[in-house]
Amino acid sequence: MKRGYEMLTLKIKKYRKANGLSQKDLSQMSKVSQEYICDLEKIDRRKSPSLFIMCMIGRALKICPFDLIECTGKNNICKYCYKIKMDD
């Protein structure tokens with residue numbers, strides 16, 4: 001099983017490529033530096049993005065930032081995500 005940061009790395013890259021975006025494109029659309037995007041896509045990275053950064057990237061990729069993380073709660077939905085979905 002992949003660790004959380006590895007899943008985040010793979011998902012950012014997957015969604016970016018699915019949208020036909022380069023790291024530079026994603027950087028410009030998300031207002032997150034290209035260097036930071038590059039660092040986030042490295043498996044051996046040392047950066048952990050804040051929720052704000054994940055929201056900026058998610059908005060640029062047209063996805064919910066929670067799609068970038070792996071939920072491990074009931075039915076693959078973490079308690080926090082489950083609460084949000086139930087409150088909508």
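Two residues are in contact when they have heavy atoms within 4.5 Å of each other.

A word on what is loaded. This is a predicted model, in which local features need pLDDT of at least 70 and side-chain atom pairs count only at pLDDT 80 or more, while totals for chains, interfaces and linings use all residues. Residues are numbered from 1 along each chain as its sequence is written, and side-chain values use heavy atoms, with hydrogens and water left out.

**Stop 1: the whole chain**

Switch to a cartoon view. You will find five helices and zero strands, so the elements read α-α-α-α-α from the N terminus on; here helices (H or I, at least four residues) and strands (E, at least two) are DSSP runs, numbered from the N terminus. Of the 88 residues, 38% count as buried. Buried means under 20% relative accessible area, exposed means over 50%, and partly exposed is in between (1.4 Å probe, protein chains only).

**Stop 2**

Select Arg-16, which lies in helix H1 (residues 4–18). Is Arg-16 buried or exposed? At 8% relative accessibility, Arg-16 counts as buried. Show what surrounds Arg-16: leaving out residues up to four places away in sequence, Arg-16 touches Leu-21, Ser-22, Gln-23, Leu-26, Glu-41 and Leu-61.

Next, select Glu-41 as well. The side chains of Glu-41 and Arg-16 meet in a salt bridge (2.6 Å, N to O). Glu-41 lies in the loop between helix H3 (34–40) and helix H4 (51–61) and Arg-16 in helix H1, so the pair ties together parts that are 25 residues apart in sequence. A salt bridge is a side-chain nitrogen of Lys or Arg within 4 Å of a carboxyl oxygen of Asp or Glu. Glu-41 is buried too, with a relative accessible area of 6%.

**Stop 3: the other salt bridge**

How many salt bridges does a search of the whole structure find? The search finds two. Select Lys-42 and Asp-39, whose side chains also meet in a salt bridge (3.5 Å, N to O). Lys-42 is partly exposed at 38% relative accessible area, whereas Asp-39 counts as buried at 17%.

**Stop 4: the cysteines**

Colour the cysteine sulfurs. A disulfide is a pair of cysteine sulfur atoms within 2.5 Å, and by this rule the count comes to zero. Cys-55 is partly exposed at 32% relative accessibility, and Cys-38 is partly exposed at 28%.

**Stop 5: helix H4**

Select the buried residues of H4: Ile-53, Met-54, Met-56, Ile-57, Gly-58, Ala-60 and Leu-61. An α-helix has 3.6 residues a turn, so residues three or four places apart point the same way. Then click on Lys-62, which follows H4 and has a positive phi, near 60°.

**Stop 6: Ser-27**

Finish at Ser-27 in helix H2 (residues 23–30), which is buried at 12% relative accessibility. Setting aside neighbours within four places in sequence, Ser-27 is in contact with Val-32, Ser-33, Gln-34 and Ile-37.
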